[in-house]
Amino acid sequence: MGVANRLDLTLRMVQGADRIAVSELAQRLGVSEMTVRRDLDALERQGLVRRVHGGAVATRPREEGGGFAAREHWQAATKDRLGAAVAALVAPGSHVLLDAGTTTVHVAGHLADRAPLTVAVLSLQAAAHLADRPGIDLLVVGGRSRPGERSLVGPLALRTLESLAFDCFVMSIGGVHSEQGWSEFSLDDAAVKQAGLAQAARAIAVADATKLGVRAFSQVAPLGAVDAFVTDTAAEDPATHPGGPETLKAMREAGVDVVLA
C-alpha cells in the first residue's frame, strides 16, 4: 500500500471514531504499530490528528480534510483501468445505480460506451461526468450533499432508492475484510449502500487494492452480498498489500466473482 493511500485510510479511521488506538489501526490496516505511529506523527505535523496516549483523535471533521478533492488524483491511472473493467460488466439497456467515490467517477466516464443506459447517480461528480452524454438517461438521486465528498445521503436519498429497482448497483467501498465483509467510514454512506444492495438485482463492488484487509467504522454487508468485485492486480501481492490475498480468497469462497484489472 502506498504511503499516501495508507495515510488517507489512517486519517479516515481516526475521523470515523472519536478516539482510536494504535493497536486497532495496526490490526485494521495490516501493518506494524511502528508504522502506525510514524503515520500518526506525519498526520499530526499536518494538523489533522492529535496524538494521545496509545492512539490519536481527529482535530478537524472529515469534511475538512481527506475528502474527495484530496483523493481524486491518487492512483488515477489505476482507477481509470478499474472503471473500464466495471463498465464492461454492465449490459447495454440496463438500469444502473452508480455509487459515490473517486473510483466510480472513472466508471461514469466509461459507462457512456455502454449506452443506452439509465444511470442513477449518488454523487454530484458522477452526475457532471454523465450529463448530456448521448444514450445516457441520467437520474440524480435526491438527498443531502455531504460536504467534502458530495455524495448524496440522508432520508431523502434512502426514500428515493426504496422507490426504484435496478439491474445493477456499482458500489464503491471504504474497506473490505475477509471476516468483517464490506464496510464504510461514514454511517450515512453505509446506509445508502445498504439500500442500493437491497434494490438491485446484481451488485458490482469496485475498489483499488489499498482497501483490501481494511475494516472501516460501519459494516455495510457480508462478503456474499456482492456478485462481483473489481480491483487491481496488486491485490494479489502480499508484500505490498498484506490483507489482499486472504481477502480475495474469502471473497471467492463466498461466491464473489473477482476481476483483476
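## Strand pairing and the open sheet

Two strands are taken to pair if DSSP finds at least two bridges between them. In this predicted model, three strands form an open sheet with antiparallel pairing, in the order β10-β11-β13. From one strand to the next, the twist averages 35°.

The pairing of strand β11 (residues 181-184) with β13 is antiparallel and runs over three bridges. Within this pairing, Trp182 has Ala221 of β13 as its bridge partner. Helix α9 lies across β11 and β13, and runs at about 10° to β13.

## The nonpolar cores

The largest nonpolar core holds 34 residues, of which Met171, Trp182, Phe229 and Met251 touch the most other members. Two or more residues are given to this core by each of α8 (155-162), β9 (168-172), α9 (187-199), β12 (203-206), β13 (218-221) and α10 (244-253). The element that gives the most is α9, with four residues.

Leaving aside residues up to four places away in sequence, Met251 touches Val176, Trp182, Leu223, Phe229, Val256 and Val258. Another core, of 24 residues, lies apart from the largest one; among its members are Val96, Ala126, Val170 and Ile204.

Strand β3 (residues 55-58) pairs with strand β1 (residues 20-21) in the antiparallel sense, over two bridges. Here Ala21 has Gly55 of β3 as its bridge partner.

Strand β2 (residues 49-52) also pairs with β3 in the antiparallel sense, over four bridges.

## The contact of α2 with α3

Two packed helices are described by the angle between their axes and the distance between the axes. For helix α2 (residues 22-29) and helix α3 (residues 33-45), the axes come within 9 Å and cross at roughly 110°. An angle of 65 to 115 degrees counts as roughly perpendicular, and α2 is therefore roughly perpendicular to α3.

On the α2 side, the contact is made by Val22, Ser23, Leu25 and Ala26; on the α3 side, by Glu33, Val36, Arg37 and Leu40. By class, the residues of this contact comprise five nonpolar, one polar and two charged.

## Helix α6

Helix α6 (residues 102-111) is largely enclosed by the rest of the structure, because nine of its ten residues are buried. The buried residues are Thr102, Thr103, Thr104, Val105, His106, Val107, Ala108, His110 and Leu111.

## Val153 in strand β8

Val153 is found in strand β8 (residues 151-153). Buried means under 20% relative accessible area; Val153, at 1% relative accessibility, therefore counts as buried.

When residues up to four places away in sequence are not counted, Val153 touches Gly143, Arg144, Arg146, Asp188, Asp189 and Val192. Val153 and Arg51 are separated by 102 residues in sequence and, from C-alpha to C-alpha, by 31 Å in space.

Technical notes:
Residues are numbered from 1 along each chain as its sequence is written. This is a predicted model: local features need pLDDT of at least 70, side-chain atom pairs count only at pLDDT 80 or more; totals for chains, interfaces and linings use all residues. Side-chain values use heavy atoms; hydrogens and water are left out. Buried means under 20% relative accessible area, exposed over 50%, partly exposed in between (1.4 Å probe, protein chains only). Axes are lines fitted to C-alpha atoms, for helices over the stretch in contact, and angles run from 0 to 180 degrees between N-to-C directions. Angles under 35 degrees count as roughly parallel, over 145 as roughly antiparallel, 65 to 115 as roughly perpendicular and the rest as oblique. Contact means heavy atoms within 4.5 Å. Ala, Val, Leu, Ile, Met, Phe, Trp, Tyr, Cys and Pro count as nonpolar, Asp, Glu, Lys and Arg as charged, and the others, Gly among them, as polar. A nonpolar core is a set of buried Ala, Val, Leu, Ile, Met, Phe, Trp, Tyr and Cys residues joined through side-chain atoms within 4.5 Å.
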